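Hi,

Here is the structure I promised to pass on.

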Amino acid sequence: MALPAIISPSVLASDFGQLTAECKRMIANGAEWLHMDVMDGHFVPNITMGAPILSCVSKGVPGIFMDCHMMVAQPEKWVDDIADAGGSLYCFHFEATKEPIALIEAIRARKMQVGIAISPDTPSSAISDEIGQAVDMLLVMTVYPGMHLNCRGGQKFLDRCVPKVAELRARFPTKNIEVDGGVGPKTIDVCAHAGSNVIVAGTAIFNAHDPKEVIETLKATVNTAQAKLSSTVV
């Protein structure tokens, strides 16, 4: 089954002074989701945004799908706040919790989709079959979380993480698999052909002269790869 291409521009690369307008601009240019990086200064060294900002965006952009990437030390603590703020998907880090199944259940109880992320040094085998089947999305980080240059994105893509995408796609053929970090027109091909269908890109889209063209390029590459992958499934 070919999975849909989903482009989720990372608002970390946007103009925070015009955040609502920036989100609307991305949607107008073809983005399905908006990737919201929530950093707490504990799990990662930087601090970005929290529930109050997400709530303002949700009110200012009705119907927005906020893909909330929770780079926080206690992901259990923020489920209610993010849900109340209008979060659509709550993606926590495998490395940040000892009870992922209980957390998944808590997120589902608040009517959000569930994602789980793994950092570059975490193997794909850390995701058990139980966890993988319980979530909606698996996120493979292709940069180190929270180490964004000037806290605005722009880290170099770590190609050594790509095999983890392929490993997870083989195990979970119907799940959304997201890649995040250093992804753009130059790196989309390897990500898409490894099996990723959800693409996070920050500077590659927000700083582009023609964001729509970049988004269309990313989508086309994913759709081509998904068609090829689905044709090989017995």
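Keep in mind that this is a predicted model. I'd start with strands β5 (residues 113-118) and β6 (residues 137-141): they run parallel and are joined by four bridges.

Zooming out, the eight strands make an open sheet with parallel pairing, in the order β1-β8-β7-β6-β5-β4-β3-β2. At the edges sit β1 and β2, each of which pairs on one side only. On average, neighbouring strands of this sheet are turned by 25° against each other, ignoring direction. As a reminder, strands in a sheet pair through backbone hydrogen bonds, and that can be parallel or antiparallel.

Helix α2 packs on this sheet, where it touches β2 and β3 (66-71). The direction of α2 makes about 175° with that of β3.

Then there is helix α1 (residues 19-28). Which of its residues are buried? They are L19, E22, C23 and M26. Why do they end up on the same side of α1? Because they cover an arc of only 100° around the axis. The cover over these buried residues includes strands β1 (6-9) and β2 (34-39), along with helices α2 (51-60), α8 (203-206) and α9 (211-232).

Cheers

Notes. Residues are numbered from 1 along each chain as its sequence is written. This is a predicted model: local features need pLDDT of at least 70, side-chain atom pairs count only at pLDDT 80 or more; totals for chains, interfaces and linings use all residues. Side-chain values use heavy atoms; hydrogens and water are left out. Buried means under 20% relative accessible area, exposed over 50%, partly exposed in between (1.4 Å probe, protein chains only). Helices (H or I, at least four residues) and strands (E, at least two) are DSSP runs, numbered from the N terminus. The arc is that of the directions from the helix axis to the C-beta atoms. Contact means heavy atoms within 4.5 Å. Two strands pair if DSSP finds at least two bridges between them. Axes are lines fitted to C-alpha atoms, for helices over the stretch in contact, and angles run from 0 to 180 degrees between N-to-C directions.
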